[in-house]
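Please look over the model below before reading on. The text will lead you through some strands, a pocket and a few charged side chains.

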Amino acid sequence: MTEAAQLPPAPEVAKQVFGESFADAVRYAELLADAGVRRGLIGPREVPRLWERHLLNCAVLSEVVPEGVTVCDVGSGAGLPGIPLALVRRDLKITLLEPLLRRTNFLTEVVELLGLDHVTVVRGRAEEVLGTLQPVHVVTARAVAPLDRLAGWGVPLLRPYGEMLALKGDTAEEEVRNAGAALSKLGAVRTSVLHVGEGLVDPLSTVVRVEVGESPGGVRFAAKRAKAARTGRTSRRRR
């Protein structure tokens with residue numbers, strides 16, 4: 001039996017969560033169960049629980065994303081949470097940021113196949129695109145790294161007064177406590193643990209929200225962004 005054959009039918013709640021994009025969500029699940037497994041983007045043991053553990057768990061993140069904002073999904077991997085978020089929120093402008101070529105190839109294929117015109121795939125690491133990627137309102141991430149390290153990559157990509165939304169598990173509260181000093185240095189002004197998906201997913205999805213002030217990433221990254229902006233202006237004048 002192939003991994004794709006082990007993909008269970010979409011649960012009824014998926015129709016409620018994905019709405020008009022339900023058929024596209026089914027197609028994405030099939031791609032994950034087939035090409036995603038063959039290319040090593042998702043483990044074969046995850047296929048039977050793709051809907052509950054991955055697609056729905058990520059899609060309900062939309063409950064805490066403001067309307068009409070720009071989003072960067074850091075370490076997007078196979079597109080989680082960026083693709084489910086894009087399927088339920090056509091009002092967002094989403095960048096899927098991923099350093100590995102085989103993953104960006106897969107993401108590009110998914111975006112084109114599903115007609116996600118509001119999604120852009122960028123190959124690179126967060127620290128590499130700083131200054132070239134336009135700062136965003138919201139950074140998202142899932143299972144990328146411990147909170148302190150993740151914030152070091154994601155927070156500098158934010159606009160002033162933006163927020164990072166990280167899908168976490170049972171260790172969320174502990175990670176917040178341990179990362180307090182690091183988050184403060186990165187310009188965070190408020191950190192909270194949210195639970196989303198009431199009545200839709202069980203267990204609820206846990207989200208760590210890191211809100212920043214006027215200097216996302218702290219003083220060091222503010223200087224780096226300013227230098228990148230000056231370099232950009234100089235190169236444009238030379239043209």
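Start with strand E4 (residues 136-142), helix H7 (residues 147-154) and E5, which make a right-handed β-α-β unit. Keep in mind that this is a predicted model. In the unit, the two strands E4 and E5 run parallel and are joined by six bridges. To find one of these places in the structure, look for Thr140, whose bridge partner in E5 is Leu165.

Strand E5 also has another partner. It pairs with E7 in the antiparallel sense, over six bridges. How much of E5 is covered? Eight of its 11 residues are buried, so the strand is mostly covered.

The next stop is the largest pocket, which holds about 1100 Å³ of space. Of the 46 residues that line this pocket, the closest to its centre are Leu80, Arg142, Ala143, Val144 and Leu167. Several elements give two or more residues to the lining, among them strand E5 (158-168), strand E7 (205-212), strand E2 (93-98) and helix H8 (172-178). Which element gives the most? That is H3, with five residues. Helix H3 spans residues 50-59. Sorted by class, the lining has 22 nonpolar, 12 polar and 12 charged residues.

Three of them are described here, beginning with the one between Lys15 and Glu12, where the closest N and O atoms are 3.5 Å apart. Both residues lie in helix H1 (residues 12-18), and they are three residues apart, about one turn of the helix. Is Glu12 buried or exposed? Glu12 has 59% relative accessibility, and because this is over 50%, it counts as exposed. Lys15 has 42%, which falls between the cut-offs of 20% and 50%, so it counts as partly exposed.

A second salt bridge joins Asp91 and Arg89, with 2.8 Å between the closest N and O atoms. Arg89 counts as buried because its relative accessibility is 11%, under the cut-off of 20%. Asp91, at 34%, counts as partly exposed.

In the third, the side chains of Glu46 and Arg49 meet at 2.7 Å, N to O. Glu46 counts as buried because its relative accessibility is 16%, whereas Arg49, at 35%, is partly exposed. This pair belongs to a network: salt bridges that share partners join Glu46, Arg49 and Arg53.

Val26 lies in helix H2 (residues 22-38). Its relative accessible area is 24%, so Val26 is partly exposed. Along the chain, Val26 and Leu55 are 29 residues apart, and their C-alpha atoms are separated by 9.7 Å.

Methods:
Residues numbered from 1 in each chain as written. Predicted model: local features only at pLDDT ≥ 70, side-chain atom pairs only at ≥ 80, totals over all residues. Heavy atoms only, no water. 1 Å grid on protein atoms, 1.4 Å probe; cavity = no way out; pocket = protein on both sides within 12 Å on 5 of 7 lines; lining within 4 Å. Points joined across faces, edges and corners; volume = space filled by probe spheres on them. Helix = DSSP H or I, 4+ residues; strand = E, 2+ residues; numbered from the N terminus. Nonpolar A, V, L, I, M, F, W, Y, C, P; charged D, E, K, R; others polar. Salt bridge = Lys/Arg side-chain N within 4 Å of Asp/Glu carboxyl O. Buried < 20%, exposed > 50% of the residue type's maximum accessible area, 1.4 Å probe, protein only. Pairing = 2+ DSSP bridges. Right-handed = clockwise from strand over helix to strand, strands pointing away.
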